[in-house]
Amino acid sequence: MAESDKQKHSGGAPDQQWTLYTDGASSKEGSGAGLILTSPTGEEVTYALHFDFHTSNNEAEYEALLAGLRLAVKMGAERVVALTDSRLAANQVSGEFEAKDKRMERYFKAVQRITDTLKSFMIKQISRGNNRRADALSKLASTCFGHLSKEVLVEVLKERSIDEWQVDSLSVAQPNWMTLIMDYLQHGILQDDHREARKTRVRAPQYATLKGTFYRKGYTAPWLKCIDDTAGKLALKEAHAGSAGAH
């Protein structure tokens, strides 16, 4: 078991602890990652990532960990326990191993920047047998992620998490299907119906607002601007008109 120094500041609040299982996979067919984030109340978010770039197994493990930490922060987690079967990632993050490779060092620093914002953080190495669900997600996402269940959030990463990214400046139109999620992200407002409120909480980490603009959040650039039906129909009309119409 490997633990980071931040676990000393856990302050005895296990009821506020979030649990994060992560795993990365790399093969000739492709690279991907799987993660499972569980809230203190037992709610689960299952996430799969497919990489459009080649990674080593260690890099895939770090990408999975970074994705999970970003998701945890987005959902308001302040105390996180990360469980991974990667001996290298667990021991480098905990400080037991030195990150000698330059790219591994960049990954380590990227993790450190996120965990420094948490009240407490602990990372533990677990056996692959105890990480089967995240392992299965990562392998599936690395090869045939299109066949994943609709209940699993799937994202395609175009660039590495340690590369720079940017967001295009765009704007949101009239109130639409995004209103419930925006209300929750900006003001913490949820529906009275418990089931609908839970759906909003689960979906919210996939989105972000920036200067009043609503985006489908990616872990790397570019983020995707969300539009209403009117703007969508206009975009489709433009795409199928003119010289592009024949396609």
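This is a predicted model: local features need pLDDT of at least 70, side-chain atom pairs count only at pLDDT 80 or more; totals for chains, interfaces and linings use all residues.
Two residues are in contact here when heavy atoms of one lie within 4.5 Å of heavy atoms of the other. By that rule, Leu 88, Gln 92 and Val 93 in helix α2 meet Met 104, Phe 108 and Val 111 in helix α3.

**The whole protein**

The protein contains 7 helices and 9 strands. Of its 247 residues, 46% are buried. Contacts between residues at least 6 apart in sequence can be sorted by separation: 71% of them join residues at least 24 apart. The accessible surface of the protein is about 13,700 Å², and carbon and sulfur atoms account for 49% of that surface.

**Helices α2 and α3**

Helix α2 covers residues 87-94 and helix α3 covers residues 102-115. The two pack with their axes 10 Å apart, at an angle of about 60 degrees. Because of that angle, α2 counts as oblique to α3. The crossing of α2 and α3 is right-handed.

The contact residues can be read with a general point about helices in mind. An α-helix has 3.6 residues a turn, so residues three or four places apart point the same way. In α2, Leu 88 and Gln 92 are among the residues that meet α3. In α3, the residues met are Met 104, Phe 108 and Val 111.

How many residues of α2 are buried? The count is 6 of the 8, so α2 is largely enclosed by the rest of the structure. The buried residues are Ala 89, Ala 90, Asn 91, Gln 92, Val 93 and Ser 94.

| Element | Residues |
|---|---|
| α1 | 57-74 |
| β4 | 79-84 |
| α3 | 102-115 |
| β5 | 120-125 |

After α2 comes Gly 95, which has a positive phi near 95 degrees.

**The sheet β7-β8-β9**

Three strands form an open sheet in the order β7-β8-β9, and their pairing is antiparallel. Which strands lie at the edges? They are β7 (207-210) and β9 (224-225), each of which pairs on one side only. Strand β8, residues 213-216, runs antiparallel to β9 and is joined to β9 by 2 bridges. Arg 216 stands opposite Leu 224 in β9.

Helix α5 (residues 179-187) lies across β7 and β8. The direction of α5 is at about 65 degrees to β7.

Notes: Residues are numbered from 1 along each chain as its sequence is written. Side-chain values use heavy atoms; hydrogens and water are left out. Two strands pair if DSSP finds at least two bridges between them. Helices (H or I, at least four residues) and strands (E, at least two) are DSSP runs, numbered from the N terminus. Axes are lines fitted to C-alpha atoms, for helices over the stretch in contact, and angles run from 0 to 180 degrees between N-to-C directions. Buried means under 20% relative accessible area, exposed over 50%, partly exposed in between (1.4 Å probe, protein chains only). Accessible areas come from the Shrake-Rupley method with a 1.4 Å probe; for residues, only the protein chains shown count as cover. Angles under 35 degrees count as roughly parallel, over 145 as roughly antiparallel, 65 to 115 as roughly perpendicular and the rest as oblique. A crossing is left-handed if the near helix is turned anticlockwise from the far one by less than a right angle, and right-handed if clockwise.
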